[in-house]
Amino acid sequence: MAEFFFHDRDDRTPAASIDRRAFVGSAAAAGALAAIPRPLHALADSPYASGSRQPGQKLRIACIGVGGMGNSDVRGVSGEELVAFADVDWKQAERSFREFPKARRYKDYREMLEKERNNIDAVTVSTPDHSHAAAAMMALKMGKHVYCQKPLARTIGEVRAMKAEAAKRPKQATQMGNQGHAAEGIRLIREWVEAGLIGNVSRVDYWTNRPIWPQGLNRFTDAHNAPDTIDWNLWLGPAAERPYHPRYAPFNWRGWWDFGTGAMGDMACHIMDAAYWTLGLKYPSRITPESTALFAETAPTAERIEYQFPAIGNRQAVTLTWRDGSIFPPKPHDWPETLNWPPDPTGGQLWVGDKGMIVAGTYAENPRLVDEKANDALKANPVPQKYPRTEGVHKEWIAACKNGTQPGSDFAGYAGPMTEMILIGCLAVRMGQVLEMDPNTGLIKNVTPPAEWIMPQYRSGWSL
């Protein structure tokens, strides 16, 4: 059983220590993580969470990270009242600043949350992966609703901490930004599978053209000064100190283990979502990683990761196979000769059942049966809708904030467990070893991952 300790050492805050039987999934670990000390300030429910605001009032939102994907999230919630923005790079944030000039501006999200805590109901987090957990946890403990980009966090331990904290706060709506989970395609796939259109599912194959950024690298040794527009210390946030380099920020951080989760962490929250939801997956029993050369600080340039899930209830055993670096699965034997394979080289998924196959895009968009005659018949006689549709990931979250409910990809009930499953694959690749797991508890039985890879040590000034 793993044990998690919280104590001081040097200028960083150790968050975890693990014994030999590296523990990823037990309730004991969750309880220990939930015991992380709260900030000294008093906790307060948001006005919407406590029900003190009047129905129909706009949600008051602060946004952490408003450049790049952050701008998309800002625009996604722009029908509400945008109170304040925090971004460490004001050049990247220029578009959001220009589009929403009334929002107050900060570089340090900690300062923004402390100063605006009485003026906001909800927070969006759209930073690089390594800052997700600290920012989201601070907002949660202030009683705010939280929307966080995918993956939920960079490490398994951080995900478990976020999941445990959110579980204690059912009136605070939480949502991960895997937008396909709120879309039409994922619902169609589940309805088709449950209607028996492809029979019993035995395999799902995935592919993506990611990484579209550098991976498979050693640390750079040339010296650079950070631009005046970026606060490099704040960009690092809880991550270990290192000099600025333009090949880390603003975009190429994803391939570095200190900051990101590689191609799989970037895209699997989208591409593997439909199977995780439809098939009721939890922990695998075995993960087998294959990859190009491993490097100490970056993810490999390409990888193939096989997840084996045992049979549970009425679901038979199923294998999920992840491929990135533009490695594609074999073309189905009855794929129409008039169509290219894969249908979209940037990413997709192929479901294999004993009666047929489904192919769909990265976000489960545009699903179709592989067999042309069966697909034509499905178009003529659609399967009845079984699962409610939404207006999209941002509107779903906003509605949940106002209604006191949880959206589909909430931290505790869905996004946290799915992100854990994905990060276990990243862990297997990084270790270069097969992981044998207890599928009920998530206990890794055959190897011991380094403690820092499960729960990072934060620099002084940053905490969960």
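Residues are numbered from 1 along each chain as its sequence is written. In this predicted model local features need pLDDT of at least 70, side-chain atom pairs count only at pLDDT 80 or more, totals for chains, interfaces and linings use all residues, and side-chain values use heavy atoms, without hydrogens and water.

**Exercise 1.** Determine the strand order of the open sheet of 6 strands and the helix that packs on it.

*Solution.* Strands (E, at least two residues) and helices (H or I, at least four) are DSSP runs numbered from the N terminus.

1. The order is E4-E3-E2-E5-E6-E7, with parallel pairing; two strands pair if DSSP finds at least two bridges between them.
2. Strand E4 (104–106) and strand E7 (174–176) are the edges, each pairing on one side only.
3. Strand E2 (residues 60–64) pairs with strand E5 (residues 122–125) in the parallel sense over 4 bridges, and Ile64 has Val125 in E5 as its bridge partner.
4. Helix H13 (residues 393–403) packs on the sheet and touches E2, E5, strand E6 (145–148) and E7, where contact means heavy atoms within 4.5 Å.

**Exercise 2.** Characterise the lining of the largest pocket.

*Solution.* A pocket is an open set of points on a 1 Å grid over the protein atoms alone, where a 1.4 Å probe fits, with protein on both sides within 12 Å along at least five of seven lines; lining residues have an atom within 4 Å of a point.

1. Of the 39 lining residues, the closest to the centre are Gly67, Ser126, Thr127, Pro128 and Trp253.
2. Helix H10 (262–271) supplies at least two lining residues, as does helix H9 (232–236); H10 gives the most, with 3 residues.

Definitions and conventions:
Axes fitted to C-alpha atoms, helices over the stretch in contact; angles between N-to-C directions. Nonpolar A, V, L, I, M, F, W, Y, C, P; charged D, E, K, R; others polar.
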